[in-house]
Amino acid sequence: MIGYFVEQTGNALSLGGIYALLALGLAVVYSILGLINFAHGALMTLTGYVLVGAAVYGLPFLIAAPLAIVIVMASAVLLERIAFRPVRGASGATMLLTSFAVAVLLQLAFQLFISTRPQIVPLPDMLTATLDIGGLAIGVNRVISVVVAVLVLIALNQFLKRTIIGLAMRAAAEDFDVTRLMGIRANRVIAAAFALSGLLAGIAAILWMAQRSSVDPLMGLVPVLKAFIATTLGGLGSLQGAVLGGLLLGAIEIYLAAYLPDAMLPYQGALTLGVVILVLVARPQGLVGARREAAR
Amino acid sequence: MALLSLSGLDVRYGAIQAVRSLDLEVAEGEIVALLGANGAGKSTTLKAIVGLAKATGEITFAGKSIAGRETEEIVRNGLTMVPEGRRVFPSLTVAENLRLGAATRRDPAATERSRKEVETLFPVLAERADQPAGTLSGGQQQQLAIGRALMSEPKLLLLDEPSLGLAPQIVDDIFDLILRLKARGLTILLVEQDAIAALDVADRAYVMANGRIIMSGPAAELRASEQVARAYLGIAAENAA
């Protein structure tokens, strides 16, 4: 019993950690621009295809993974430049629709130019191994998920506290005009926010695929919808809220799946959303209430 | 040669013309006050100078045209604004706010000297360095807002309503500070609703109404002027007393 609980807690942390990274990627951009970037999922999918492509050229995983992340970061910055800059300062609805359009276009591009069928993502054996800890079978991928998520959160925290560009991103989330009065270039802060969201999407995608080993054009869709729920749960625009919301959503999903009676299992998704709705009814601003409106 | 000069400045918000063909000059080392009732267009003029309000007309700073430039580029030329309502970054600490003020500076030693100077001017900012700026009192936030602006070592400081919403003795401190900044060679363009206090510290002043300059001159002359007295009942009452 205890063993099962520990195992499920590991699963909850691993899934919640991935949600937290994705939710952070959404929140970093939203906090500055008021844009909910649904194309974030396409960035995850892109990570998978870069890994598949790198394997075709025989690149080892330890080179392919950082390469994929760098490409995804650059793509996120490019997306901002091409698609989101023209609608900067527009209404939330305009930006939301733009991000949907970008997401759909990228999905179609993956379907047309790559394949509609899932592609195998080659992963090192190490990632798919299982550890035996005191009689508990724990997947290495789960452990790595948790460790990587924790390390990324620590590094991100340091980045936002110690570097000028990190401070500028936090400042821009609070008062964009005054941030510019500090002589900080608006375009640079926004590009940095997109690069950071790309970094988080790339890392999350690799952790996500480590548990699935395949990529298809729609791969990023579900996790990013979950991440969006997580940011709303935590409080839109709040970075702490995104982390908290991600972990909580992961925990709700995993524990419901683990402890619901079999007959109830089909309702796991509905129950999860039910819990989220209950939280939002009690705290409409999310767990970590974020003030703020969008930047111009 | 003026450090800042505006000529024929127009600012429109939709159908409303907030500033009409405004001419204004600030010479190096001067404190110039821009006075007028609420809604006269004073704050809008400052926003136009730093590029936060869209304007037409000519704006020259230190011999360079800055009209139509991006805010961040204008600020990098050596002028900055302390916005109305202070607008410190509330969840960032006092130290982080100050650090952002120096965001564009490359020389760490010079930046450190500026930080020391700011902390000498405002000892409370050193005491509360690690506290979120949002937890400071109004007067302390105003000190932080000014200190943050000074961290960029500006040649020209635009101050928008620095006394607004502050307790009277703190207002006195702020005006003392403006004089001390002048003594250190800083040029200041001051927007104020408290005309008496502003004319006490200013060398020259402009008075605005309905988006236009209706008069200008040395601060002492304006203080004595009946026209200003009429525009500012506060002064009339004091002169009568």
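Predicted model: local features only at pLDDT ≥ 70, side-chain atom pairs only at ≥ 80, totals over all residues.

Reader: Okay, and how many bridges join β9 of chain B to β10(B)?

Author: Six bridges join them, and the two strands run antiparallel; β9 covers residues 204-209 of chain B.

Reader: What's the strand order in the sheet they sit in?

Author: The order is β6-β7-β8-β3-β9-β10 in chain B, an open sheet of six strands with mixed pairing. At the edges stand β6 (79-82) and β10 (212-218) of chain B; each has a single partner strand, so one side of each is left without a neighbour in the sheet. On average, neighbouring strands there are turned by 15° against each other, ignoring direction.

Reader: Which strands of that sheet does α1(B) touch?

Author: α1(B) packs on the sheet and touches β3 (31-36), β6, β7 (156-160), β8 (187-192) and β9 of chain B. The direction of α1(B) makes about 145° with that of β8(B). There's also helix α6 (residues 138-150) of chain B, which lies across β6 and β7 of chain B and runs at about 170° to β6(B).

Reader: Got it. What about the open sheet of four strands in chain B, what's the order there?

Author: That order is β2-β1-β4-β5, with antiparallel pairing. The edge strands are β2 (16-27) and β5 (64-65) of chain B, each with a single partner strand, so one side of each has no neighbour in the sheet. Helix α1 (residues 42-49) of chain B packs on this sheet too, touching β1, β2 and β4 of chain B, with its direction at about 115° to that of β1(B).

Reader: And how many bridges hold β1 and β4 of chain B?

Author: Six bridges, in the antiparallel sense, between β1 (residues 2-13) and β4 (residues 55-61) of chain B. B:Leu4, for instance, is placed opposite B:Phe61 in β4(B).

Reader: Switching to chain A. At what angle do α1 and α7 of chain A pack?

Author: Helix α1 (residues 2-33) and helix α7 (residues 164-174) of chain A pack at an angle of about 55°, and their axes are 7 Å apart. The two helices, α1(A) and α7(A), are therefore oblique to each other.

Reader: Which residues make the contact?

Author: From α1(A) come A:Val28, A:Ser31 and A:Ile32, and from α7(A) come A:Met169, A:Ala172 and A:Ala173. By class, that contact has five nonpolar residues, one polar and no charged ones.

Reader: Last topic: how much space lies in the largest pocket?

Author: About 720 Å³. The lining has 31 residues, and those nearest the pocket's centre are A:Arg180, B:Gly51, B:Leu52, B:Ala53 and B:Glu70.

Reader: Which element gives the most to that lining?

Author: α8(A) does, with five residues. At least two residues each come from α8 (176-181) and α9 (186-210) of chain A, and from α1, β4 and α2 (71-76) of chain B.

Reader: And how do the lining residues divide by class?

Author: The lining of the largest pocket has 14 nonpolar, three polar and 14 charged residues.

Note on methods. Residues numbered from 1 in each chain as written. Chains lettered and ligands numbered in written order. Heavy atoms only, no water. Pairing = 2+ DSSP bridges. Contact = heavy atoms within 4.5 Å. Axes fitted to C-alpha atoms, helices over the stretch in contact; angles between N-to-C directions. 1 Å grid on protein atoms, 1.4 Å probe; cavity = no way out; pocket = protein on both sides within 12 Å on 5 of 7 lines; lining within 4 Å. Points joined across faces, edges and corners; volume = space filled by probe spheres on them. Nonpolar A, V, L, I, M, F, W, Y, C, P; charged D, E, K, R; others polar. Parallel < 35°, antiparallel > 145°, perpendicular 65-115°, else oblique.
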